[in-house]
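User: I would like to learn how to read a sheet and the helices around it. Please take me through one example.

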Amino acid sequence: MTATIDNERTIVIGSRKSQLALVQTYWVKKELETSFPDVEFEVEKMSTQGDIILDVALAKIGDKGLFTKELEVGMINKQVDFAVHSLKDLPTNLPEGLMLGCVTKRVNPADALVVNEKHQDKQLDTLPEGSVIGTSSLRRLAQLRYHYPHLTFKDVRGNVNTRLGKLDAGEYDAIILAVAGLERLGMGDRIHQEIPSDISLHAVGQGALGIECRIGDEMVLQVIKEIEDQDTRDCTASERSFLRVLEGGCQVPIGVNSMIEGDNLTLKGMVASLDGKQLLKDSVTGSRSNPDEIGAQLAEKLKQQGAGEILAAILAQIER
């Protein structure tokens, strides 16, 4: 059933206050205003726990809605109508009454190497032994430790500008960020190297935006569906199913890569230990009409190879 678009209703969009979050949210607002010129949209900015606690490693805080919970409360209380998230930050199990209403077209999901100016002539595999690499992602950390055990890794927190400032001040030789985030901020020139997927599989949902809304709000659902990309929806559904079945949150070393060819969807997945000594990787191809099943199959495949034990050991380590 198609909902009637109520031009008298102002649709309130929830967003984190970070620069990248606002760039993403205002992009969504502009796209929707183009499609619905008679509807009024406004943005409500909120701080989330992940934005406020900057002196503790992400994995130590716990990842249940680290960058989403306050926005979700706003939706449940009808303070906002929908929220724009980096899909990689959105937990795979959502609060009762809320749903993932729309997934936008994915931009480049790769990880990027950004270097201090003294290493302009280097790539990831030519950085000197002991070079200090900054990342707050256990997924990036585990994969890079596996491939480059001679490098040193150090946690880095804060928004993109803060991290780049620490890099340029010499606290790090290089840092790892998402290509998508840098490009959305107009900082694509800082990308020194796109890290190949055979070195670093990306995060679940990386490069796509997820729009979360209330179940049953048919008008909002109809409005946001205008900017959905079905290929991205199917790919990220398989990725999120893989993560859900492995019972991993945003802060565990699980990486993915998905691709659609014709009616088939191929999902590659990776689980690694924090020290980088164990790394499991496999893939499943199936019909794109059932992306959740592809993700679940791949999760079971990796569980049979020992992924459950690796993740249990990591969670025990984080909780200590």
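User: Which residue stands opposite isoleucine 260?

Analyst: Strands of a sheet pair through backbone hydrogen bonds, either parallel or antiparallel. Here isoleucine 260 faces leucine 265 in β12. Pairing requires at least two DSSP bridges between two strands; β11 and β12 (residues 264-272) have eight, in the antiparallel sense. Strands (E, at least two residues) and helices (H or I, at least four) are DSSP runs, numbered from the N terminus. This is a predicted model: local features need pLDDT of at least 70, side-chain atom pairs count only at pLDDT 80 or more, and totals for chains, interfaces and linings use all residues. Residues are numbered from 1 along each chain as its sequence is written, and side-chain values use heavy atoms, without hydrogens and water.

User: In what order do the three strands lie?

Analyst: The order is β11-β12-β13, an open sheet with antiparallel pairing. β11 (254-261) and β13 (279-287) are the edges; each has a single partner strand, so one side of each has no neighbour in the sheet. From one strand to the next, the twist averages 15 degrees.

User: Which helix lies across β11 and β12?

Analyst: Angles run from 0 to 180 degrees between N-to-C directions, with axes fitted to C-alpha atoms, for helices over the stretch in contact; contact means heavy atoms within 4.5 Å. Helix α9 (residues 230-245) lies across those two strands, at about 145 degrees to β11. Helix α10 (residues 291-304) also packs on the sheet, where α10 touches β12 and β13 and makes about 150 degrees with the direction of β13.
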